[in-house]
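Here is a short briefing to read alongside the model. Have the viewer open, and let's go through the surface, the helix packing and a few backbone details together.

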Amino acid sequence: MSLNRRSFLTALPLAALPVTALTIAAPRRARAEDIRLTPRMLGNPQAKVHVGEWFSLTCTHCAHFQQTVFPEVKAKLIDTGKIAYYYHDFPLDQLALLAAMIARSLPVDRYEPFINALLFSQDRWAFGQDTDPRKELQQMAALAGLSNAQFDAVEKDDTLRQAIIAEQDQDQSKYMIRGTPYFRFNDHPYIQELLTYDDFVKQVQQAGN
């Protein structure tokens with residue numbers, strides 16, 4: 001999904017080292033104090049190739065990748081230990097930002113399943129007709145173990161909100177991100193939409209050479 005300047009994010013109400021396989025997901029010192037802001041990753045952290053994905057939970061292209069390409073990536077590259085796969089929040093609207101906040105407020109082991117569920121059901125909870133996206137998100141969060149009171153508390157947590165926005169701004173400035181999903185394979189950016197598993201594998205092979 002193409003990106004416009006996200007001035008609306010900074011207006012929400014209150015409620016450089018070389019890029020390598022290691023620096024693509026290195027936690028910033030400010031993040032280490034809050035487990036919600038620590039890296040979310042799958043696979044082998046010692047793998048030769050580290051892949052980073054910058055995504056928005058309301059981006060239809062991100063949902064397409066998750067539904068059509070990622071299952072094979074996970075089965076053949078992540079679960080086999082061939083790559084380390086890192087998630088980077090890059091919300092493109094207020095709803096995506098809230099969803100990212102909720103995902104990061106869950107226990108670490110529930111993050112990826114929740115992200116997966118949101119992207120697979122994006123049409124229903126984010127874009128369904130005659131639906132309230134916030135209520136749909138709240139219901140999905142409840143299924144993941146977050147009570148309504150906890151959901152409300154996360155929604156009002158401006159510290160978490162601003163931390164996600166700040167990191168997004170830093171990543172956009174550093175990598176010149178202009179759309180989602182955006183990928184980096186070690187120090188190699190890939191800015192086009194990855195339509196097939198073969199496209200993904202080619203990028204992994206090039207990064208590993």
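The protein chain has an accessible surface of about 10300 Å², and carbon and sulfur atoms account for 53% of it; accessible areas come from the Shrake-Rupley method with a 1.4 Å probe, and for residues only the protein chains shown count as cover. This is a predicted model, in which local features need pLDDT of at least 70 and side-chain atom pairs count only at pLDDT 80 or more, while totals for chains, interfaces and linings use all residues. Residues are numbered from 1 along each chain as its sequence is written, and side-chain values use heavy atoms, with hydrogens and water left out.

**Overall make-up**

- The protein chain holds 10 helices and five strands; these are DSSP runs numbered from the N terminus, with helices being H or I of at least four residues and strands E of at least two.
- Of the 209 residues in the protein chain, 49% are buried (buried means under 20% relative accessible area, exposed over 50%, and partly exposed in between, with a 1.4 Å probe and protein chains only).

**Helices α4 and α5**

- Two packed helices are described by the angle between their axes and the distance between the axes.
- For helix α4 (residues 94–105) and helix α5 (residues 108–120), the axes come within 8 Å and cross at roughly 150 degrees; axes are lines fitted to C-alpha atoms, for helices over the stretch in contact, and angles run from 0 to 180 degrees between N-to-C directions.
- α4 and α5 are therefore roughly antiparallel (angles under 35 degrees count as roughly parallel, over 145 as roughly antiparallel, 65 to 115 as roughly perpendicular and the rest as oblique).
- Their crossing is right-handed, a term used if the near helix is turned clockwise from the far one by less than a right angle, with left-handed used if anticlockwise.
- α4 contributes A99, I102, A103 and R104 to the contact, and α5 contributes Y111, F114, I115 and L118 (contact means heavy atoms within 4.5 Å).
- Seven of the residues in this contact of α4 with α5 are nonpolar, none is polar and one is charged; Ala, Val, Leu, Ile, Met, Phe, Trp, Tyr, Cys and Pro count as nonpolar, Asp, Glu, Lys and Arg as charged, and the others, Gly among them, as polar.

**Helices α3 and α10**

- The axes of helix α3 (residues 70–78) and helix α10 (residues 197–208) come within 10 Å, crossing at roughly 40 degrees.
- α3 and α10 are therefore oblique to each other, and α3 passes α10 in a right-handed crossing.
- The contact joins E72, V73, K76 and L77 of α3 to Y197, F200, V201 and V204 of α10.
- The residues of the contact of α3 with α10 comprise six nonpolar, no polar and two charged.
- L77, found in helix α3, is buried at 7% relative accessibility.
- Although L77 and V201 lie 124 residues apart along the chain, their C-alpha atoms are separated by 8.6 Å.
- Beyond its neighbours within four places in sequence, L77 has contacts that include K82 and I83.

**Backbone details in loops**

- The peptide bond from T180 to P181 is cis, with omega near -5 degrees; P181 is in the loop between α9 (158–175) and β4 (182–185).
- D130 is a residue other than glycine with a positive phi, near 55 degrees.
- In the loop between α6 (122–125) and α7 (133–143), D130 is exposed, with a relative accessible area of 83%.
- N186 is not a glycine either, yet has a positive phi of about 55 degrees.
- N186 is in the loop between β4 and β5 (188–190) and counts as buried at 7% relative accessibility.
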